[in-house]
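Biologist: Could you take me through how helices and aromatic pairs are read in a model of this kind?

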Amino acid sequence: MSNVDPNLRRELFGWYSHRLGMDMPIVRYGHWGPAMLLFPTAGGDFLEAERMGLIQSIAHHLFAGRLQIFSINSINPWAWMNPGMPLHEKARNQVLFSEYVEQEVVPHIRACLGNGHARIGAAGASFGAFHAANAFFRRPDLFELLLGLGGFYDLQAEFLHGYWSDDVYFNNPVSYIPNVSEGPGMDLLRHHSRIHLVTSRGAWEEPGYSEHLSHLLHQRGIPHNLDIWGHDMPHDWPTWYRQLDHYVGERLGY
């Protein structure tokens, strides 16, 4: 049973991803407007945002055509949240997931929009913000907006336990951002992108992660917005309802 307004356009789709070796579903919410790809939290799936009320929190914006949301599964159960998997396999699966997003999900969204060149938004809360940031900074030619809510942007602290490889480096934003080459990608990041790092000082939140990423972006001359909400905003869904509603309504330019 869906938790969204029955009058809201909701389409389930998906395909077997040969690179991941599994079926990968995707859900689309909204009638029209620019597209935002939403990544779930740590162990969440493509319907998590619906079950937890996040889609309902912005339903009025979806009805108004400000944007469309596309939500996919996370790789985390087959990578970083799988305690029995060797670290090199986790890192390799992260690489394959990034390729799935870039080479399968983005073309599908562009086909839905009828625009083969559209740059789309990337968003997520908590671990979803990590995946959104990684997608955005790896391929600014595909993504034009990042909205990270209560995110972290570095796998090293909790998940790598000293392990390191190229697979990790090229999928860990705080590692590669300082070394992004000058050229078309950096020009897109500096002049043709929108970056919002939103966090808080409430319970279970770690604003230092967003502050560190902000520092690295400042060093590279990449404009962005660092927005730290108050102590009354915990690292939890009700905070993300308010932040997402505010940003879609007031800050993203949709």
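**Reading a helix and its aromatic pairs**

Modeller: Just after α11, G253 takes a positive phi of about 75 degrees; helices here are DSSP runs (H or I, at least four residues; strands are E, at least two), numbered from the N terminus. This is a predicted model, in which local features need pLDDT of at least 70 and side-chain atom pairs count only at pLDDT 80 or more, while totals for chains, interfaces and linings use all residues. Residues are numbered from 1 along each chain as its sequence is written, and side-chain values use heavy atoms, with hydrogens and water left out.

Biologist: What span does α11 reach from its first C-alpha to its last?

Modeller: The expected span of a helix is 1.5 Å times one less than its number of residues. Helix α11 (residues 237-251), with 15 residues, reaches 20 Å, close to the 21 Å expected.

Biologist: Which residues of α11 are buried?

Modeller: Buried means under 20% relative accessible area, exposed over 50% and partly exposed in between (1.4 Å probe, protein chains only). In α11 the buried residues are W237, T239, W240, Q243, L244, Y247, V248 and G249.

Biologist: How many aromatic pairs are there?

Modeller: Rings of Phe, Tyr and Trp (its six-membered ring) pair if their centres lie within 6.5 Å, and planes under 30 degrees apart count as stacked, over 60 as edge-to-face and the rest as tilted. By this rule there are 13 aromatic pairs. F127 and F152 form an edge-to-face pair, at 4.8 Å centre to centre with 75 degrees between the planes. Because F127 lies in helix α5 (residues 127-138) and F152 in the loop between β6 (143-149) and α6 (156-160), the pair ties together parts that are 25 residues apart in sequence.
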